[in-house]
Structure formats: C-alpha cells, structure tokens
Amino acid sequence: MTTKIDSRKSWVTESFKNMASPLVAIFFALGLGAVVILFMGLDPLKAYENLLKGSLGNTNAIGETLVKTTPLIFTGLSFALAKRCGLINLGAEGQLYMGGFLATVVGIYLKGLPLFIHLPLAILAGFIGGGLWGILAAWLKVKFGASELITTIMLNYVAIHWVSYLVTGPMKEPPGNFPQTPAVELSAQLPRILPGTRLHLGLLVALLTIVLFYVFLWKTTVGYETRVVGLNSEAARYAGINPERNAFLSMFIAGGFAGMAGMNEILGIQHRLFQAFSPGYGFDGIAVALLGQNTPIGILLSGILFGILRSGANMMQMAAKVPIAVIYIIQALVIMFVVGSSIFNFVQKRKGLAAAAKGEGVSC
Amino acid sequence: MLDVITNFLAADLRTATPILLAALGLVYGERSGIVNIGAEGMMLTGALAGVAGSYFLGNAWFGALAGMFCGALISLIFAYLTITVKADQVVVGAAINILGLGLTTSFARVMFGVNTAPPQIDSFTPVAIPVLAKIPVIGPVLFQQNALVYIALLLVPVAHFILFKTDIGLKVRAVGEHPKACDTVGIDVYKVRYASVLVSGLLSGLAGAYVSLGLLSFFTENMVAGRGFIALAAVIFGKWSPLGALGAALLFGAGDALQFRLQASGTDIPFQFLLMVPYILTILALAGFVGKSQGPAASGVPYSKE
C-alpha cells in the first residue's frame, strides 16, 4: 500500500503526476527554514533574497548553480538506480572519491593523447572507479549477507582515507608542499561551455546520463528485470530473474554514476585530486533522488533546486550572516516534508482501495 | 609492558563508550522493528546540546541531560515519520543525519561564534573509585574512568535484564518479530515502537554528550565522525543483544585505540590506513562473523493496522 506498484506506468506520467507534493514540501521547508533563521536572530527575507541573488542573479551565478547541479544529478541517479533494484546505496560519497581517483590516474599518467581519446577514457575511468566500489558492496551482500546499508557507509570512510593517503603520499605533486596531485593533462579536462563562467561539458554528460538512466530502466530487458527485482525480489526469482546478478549490475551502474560525479569535479572544476574535494555531494544525492521520486525528470529538477541552495549559500552567508549549514536544515526538511506528505496519499488511497487491501503483489 | 596494556585497555573502554551507549539504544529500536541510521544525527545533536548545557548551566551533568533531551526530541521526529506516517526508515534516518549536521553546525556558529577559542566548560573527568582503582590493570581500566563510562557499563546488564527478563522486553521483541500477532493480542505496536525509538534517542543523545564532554570538552563540526553508524554496525555484529553490543563496541574501540597508538609510535604505516581500521573491521565483522544471521523479522517494515 505504501509503495507504488504499477511498473507499467510510463515515466512521463510518473514524473509529473506527483509533482504537487514535492512543491508543497519545498514551500514548507523554506517556511520552516525561515523560522529557524529567525530563531537564530537573523533576517530570513534577507537570507533568501541573497540566496536567490547568489544562485540566479546573473550569468555567472547561473553558471555556478549549474556547476553545483551537475554532481548532484550524478549522485541522485546513483541512489535512484540502486533503489529501483531494491538496494539502498548510501555509498555514493565513497564511490565519488574512487571515481575521482581513477579519473585522475588516467588524466595524469596517460600523456600525449588527443582530447577526443583522452577525455572519454578519463570519463570512463571515473565510471569504472565508482562502479567497482559499488560492486564491492554488492559482492559483500551476495556472498556474505552483509547488509549494503552498513557496508556502503563504511566503504565511504575507507575511500576518503585512501584518497587522503594518495595525495599525501604516492600521488603527491612535487616538490610536495601541498597534499594534492599534479594537474591532469589538458587533454583530459572537460572544456568550458559558457564563456565567463566555470560551467563545463560535465553538465551535458550529466544530461546524457539521465537519458541513459531512462533508456536502461525503461527500454531494456535487463532494466525491466532490475525494476521487477526492486518491486518484489521473490516474485522476480519465481519469474526466472536472478536477483543476485541484478544486484551486481545495479550496484556497478549506481556506483559508476556516483563515480561520474567525482570525475566531473576533478576533470571539470578542480583539475587535480586533493583531500575532501566533495562537500558531501554523495549524501545530497539521497535527497535529490527522493525529491525527484527516482524519476529522470524529477532528478533533473531536484538537482537544480539543490544546486540553487548550494550555490546561493555563500552569498547568503556573506550578506545576511546566515551560516551555510542552514541549507542542510532546509534539505533535511524537504525530505521530511516529502515523506510526510505521503500520509495524505495514504489516506486517499485507503478510501479507494480499502477493499483491495491485500492485493500487494506485483502487477507486472 | 603492563603499563602499555593498561593504557591501551583504558583507551579502548574510553573510545568504546559512545559506541556502546548509542548501540544499547539502537538494540531496543531494532528489536522493535525500527532500523535507525539516524543515530549519527541524534548523537551530533546530543554533542552540541551537551556543550551548550554545560556552557549555559555550568555543570557537565546538565550538559548530559540536555544532550539526552535533545536526542529524544530528534528521535520523536524520526518516530513520527517512520511509525505514524510509515515513511521509509532509511530515508528518514538519512534526513535526520542531514538535519543534525545542519542544526548543530548552524547553532554552534551562532552560539559560540567563528574563529574564537572554544569556551572553557565543565566536562566529565576521570573519577577514581576508592580501593578498586588500586587493583593492577583492572583498576585503572575499569575504575578510573569518567562517570558516563560507569553509567554505560551499568546500563549493559540493565538493558539485558529488561530486554530478556521482563514483560516490557518480551513485548519489544515480539513487536519486532510479528507485529500483527501482537496487535491481535492487544499489544499497542505503535506505542512499543515509539518507546523503543525514544530510548534510542535518549541514549544517542547521551552518547553524543559523552563525545563532546567526556572525550573532548568542546564542540566541533561533525565531531561524531561516523560513531553513530559504527554503533549500528555494533548492534548487528552483537546479534541484537546488549552484551553483544558491548563486545562489538570494545572491538571497534580497540581498533580506534590501536590506530592512535600506532600513529603516535611513528610507524611507517601511513596513518590513513590506521584510520581505516575501524571501518574495515566493521565490514569484516559483518561479512565474516555475523554472516547471514538474521535480525528481527519485521525490522525495517512499517506496521499498519488494517
């Protein structure tokens, strides 16, 4: 009763049908956020005004917003894909670091290649780096029954310390005054696409990835099977689908998507690997996917919303003295209001479906 | 040599205590069918509330109470969304963690300002228990700790007794195994789950206050640093029992204590690998020791009366 069951529903209707509750959630989250700001003795109107000015006020601000949106789309897709297969991927942050790491390796150590070969290779490396880290969690689950809920979280810490080791040790840039690697070759950097801003080709890669996410889940047999496993793994097994194989595949792709976020940050913005290069994009992906209801369009839109929050936060802190961390409060409230609003759906459904209360099976 | 061992064991117990406190609460939540990955956020809230309580009221005990109170408040939000609204427990838990990080970072800035030295506050310092503290090895390890360590250790048998020897404990366990059956015999599933989550919140808050007032005596951004997640792992590793949680917490604490010691001893092992130890230990524990062992049957599944 509490989950959406009809898998034949097209993604378009799925995306737009439930737009109302996220919008209400955003509205209430901003409202309650304002109360929190007021409670801190600061001015919420001034805060929000500067949040908007800082994120959408001019071309440069919009460019920055899209720069922040890009990794959020990747990590949002990561959480959503795993969720569609019935898995909880809390490891996007670690997968992001591993993707950034492998993309850096290809970006630095492969030299003399033309851009149209080097760049795709580096992007692919980012995907594989994250994907392998994702597969590790799937393997621990399938082979040893270790819940991916915990292992993915633990693997985050391992990946972050691993990158910290690399940039202070073996991959450190000579002469070694800073804990960072040398810059990746120019031929492995994502070119800028909007003059005067930092907006780079990564955004287009992210949009393409959204399309791939859609095609995979709704247009391929394997994707269809993945969704069936996600809805009811026992029924899937009965129908001859192998849930274990699907777990490997979806954790590989989910990890790969998160790895793309890391690749995107390194090849598009930072151009070198250093410690703590992600400000928590991996965890934000959970909120993005949830607000976007695990649909392609939804993830794009909620990615932009969280991009706005992130890029406007600096201006908000500078001009209105409201700590950047307030946007975390707003994000958390958005999630809570989204899941909270399901109580209304629940009441509505009960009215219509009271008779079919037992019909929880998969209808595909 | 004996000194080294004594120091190591004492440090182990010190670092294990916040994990143990949070894990004891989580055992109750899990046993009643609630998976709470939000313990990290609850601990963080407890950590700031602890410092704030001690700072404004001038006493570490008030800090501990404030930590418990705020942990409980946050846990009620979690309980409402997961039990009443029946939202996905993992998603709500993740939101609680983000909320905890946002609230504590923002309010710490407002309360204590930026770039200023941490204020002097009352914190928990080791209290030697007369006579007992003089016993070699065991004395310094067990009887020369701060008060919250003693409380945590005392809570282990208490939690065990309540869970396995009383009517309340039976209800908690039954609700986690078969909520529907409980409902038919007149046990209020929602009430039991609310109470269990509340216990998690109280103890997570106390665990957080221990981090900010027992291990250090100030608050820093994100200072709980994954202990909430490790506590959750300790519950699973400890097979959902208070005694098991104690064992698991000591194991994870040992990893942490070992890491500090090796780092200080100036080995050639890069310190990042030592920092990985507790997390890898957790993964190995989940994969090897616990294996396919099952948690409560209704764990993670919202219950709705039909």
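Modeller: Across the interface of chain B and chain A, the rule finds 4 residue pairs in polar contact, both residues at pLDDT 80 or more. A polar contact is a pair of N or O atoms within 3.5 Å; within protein, one must be able to donate a hydrogen and the other to accept it, and residues adjacent in sequence count only if both atoms are side-chain atoms. Four helices of chain B each supply at least two residues to the side that touches chain A: α3 (60-84), α4 (89-112), α10 (227-237) and α12 (271-290). Helices here are DSSP runs (H or I, at least four residues), numbered from the N terminus. The biggest giver is α4(B), with 16 residues. By type, this side of chain B holds 34 nonpolar, 7 polar and 7 charged residues. Ala, Val, Leu, Ile, Met, Phe, Trp, Tyr, Cys and Pro count as nonpolar, Asp, Glu, Lys and Arg as charged, and the others, Gly among them, as polar.

A word on the ground rules. This is a predicted model: local features need pLDDT of at least 70, side-chain atom pairs count only at pLDDT 80 or more, and totals for chains, interfaces and linings use all residues. Residues are numbered from 1 along each chain as written, chains are lettered from A and ligands numbered from 1 in written order, and side-chain values use heavy atoms, leaving out hydrogens and water.

Now the whole interface. In contact (heavy atoms within 4.5 Å) are 48 residues of chain B and 46 residues of chain A. The two chains bury about 4000 Å² between them, 81% of it on carbon and sulfur atoms. Buried area is the accessible area (1.4 Å probe) that two parts lose on being put together, summed over both. The rule also finds 1 salt bridge across the interface. Such a bridge needs a side-chain nitrogen of Lys or Arg within 4 Å of a carboxyl oxygen of Asp or Glu. Here B:Asp88 meets A:Lys83, N to O, at 3.2 Å.

Helix α4 of chain B contains B:Thr104. B:Thr104 counts as buried because its relative accessibility is 2%. Buried means under 20% relative accessible area, exposed over 50%, partly exposed in between (1.4 Å probe, protein chains only). The B:Thr104 side chain reaches the backbone oxygen of B:Leu101 at 3.3 Å. Helix α10(B) has 11 of its 11 residues buried, so it is largely enclosed by the rest of the structure. Just after α10(B), B:Lys239 takes a positive phi of about 50 degrees.
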